[in-house]
Amino acid sequence: MSIQLGDEAPDFTSDTTEGTINFHEYLGDSWGVLFSHPKDFTPVCTTELGTVAKLKGEFDKRNTKVIAISVDPIDSHNGWVPDINETQNTTVNFPIIADPDRKVADLYGMIHPNASDTATVRSVFVIGPDKKVKLTITYPASTGRNFQEILRVIDSLQLTAQYSVATPANWTDGEDVIIVPAVSDEAAKEKFPKGWNAVRPYLRVTPQPNK
Ligand code: BEZ
């Protein structure tokens, strides 16, 4: 059974480029992004890990720790990191898990045998401070991820964890949000003092509450 939203993120202890890490301890009270790539020394993966390194400040702002993984061994990761740094003009500033025995890949269902028997697909798991899985996305090996989208989802998850709102299609931080249908108009008057526009009784649009 694959990991589903609301499940506890399985814990593990593994070798990484920053030493042995226990996953839950590493996350502490932070949010987390665990993301797999198919293989070291491959072009798309090289751009992805460089991109995440450049976005580390954005993840930090969101109290979010990132950690990468593939089934390559630690010597391979350590040999590849200087290439990422040089070619992507950055410094890898987050751990990369070495999972040659596929312990973590199997725990998280990151190997999809009909795509590849040996390599992890491009999985993304966003994990909340309660260690529950909040988002899963799977991309094929041939498509590099849009990490701005991962940041956007984290913004939405963090906002909707605090307020009784949901975020509409293509929403980005600072834009109007939707009052969830479970909140009555009566209760909304107190929760959303800026008011709202009822496009339909079930579609009430309000300014982002924390802006
Ligand atoms: C890549 O990172 O470029 C890649 C890895 C595995 C399959 C296809 C592309």
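Predicted model: local features only at pLDDT ≥ 70, side-chain atom pairs only at ≥ 80, totals over all residues.
The structure contains 7 aromatic pairs. F35 belongs to strand 3, which covers residues 31-36, while F94 sits in the loop between helix 4 (74-88) and strand 5 (96-98). The pair therefore ties together parts that are 59 residues apart in sequence. The relative accessibility of F35 is 1%, so F35 counts as buried. F94 has a relative accessibility of 2% and is likewise counted as buried.

Another aromatic pair is made by Y108 and F125. Here the geometry is edge-to-face, with 5.0 Å from centre to centre and 70 degrees between the planes. This pair, too, links distant parts of the chain. Y108 lies in the loop between helix 5 (103-107) and strand 6 (122-127), F125 lies in strand 6, and the two are 17 residues apart. Y108 has a relative accessible area of 3% and is buried. F125, at 5% relative accessibility, also counts as buried, because the cut-off is under 20%. Y108 and F125 are also members of a cluster, in which ring pairs link them with F12 and F23.

A contact of another kind involves a lysine and a tyrosine. K65 is placed over the face of Y26, at 5.2 Å from the ring centre.

Charged side chains meet in 11 salt bridges. Among them is the bridge between E58 and R62, in which the closest N and O atoms are 2.8 Å apart. E58 has a relative accessible area of 25% and is partly exposed, whereas R62 has a relative accessible area of 15% and is buried. R62 also forms a salt bridge with D155, with an N to O distance of 2.7 Å. This second bridge of R62 links distant parts of the chain, 93 residues apart. D155 is located in helix 6 (residues 147-162), and R62 in the loop between helix 3 (56-61) and strand 4 (64-70). The relative accessibility of D155 is 16%, so D155 counts as buried.

A further salt bridge connects E186 and K189, with 3.4 Å between the closest N and O atoms. Both residues lie in helix 7 (residues 185-191). Because E186 and K189 are 3 residues apart in this helix, about one helical turn separates them. E186 counts as exposed at 58% relative accessibility, and K189, with a relative accessible area of 53%, is exposed as well. Elsewhere, salt bridges with shared partners join E58, K61, R62 and D155 into one network.

Terms used. Residues numbered from 1 in each chain as written. Heavy atoms only, no water. Phe/Tyr/Trp six-rings, centres within 6.5 Å; stacked < 30°, edge-to-face > 60°. Helix = DSSP H or I, 4+ residues; strand = E, 2+ residues; numbered from the N terminus. Buried < 20%, exposed > 50% of the residue type's maximum accessible area, 1.4 Å probe, protein only. Lys NZ or Arg CZ within 6 Å of the ring centre and 35° of its normal. Salt bridge = Lys/Arg side-chain N within 4 Å of Asp/Glu carboxyl O.
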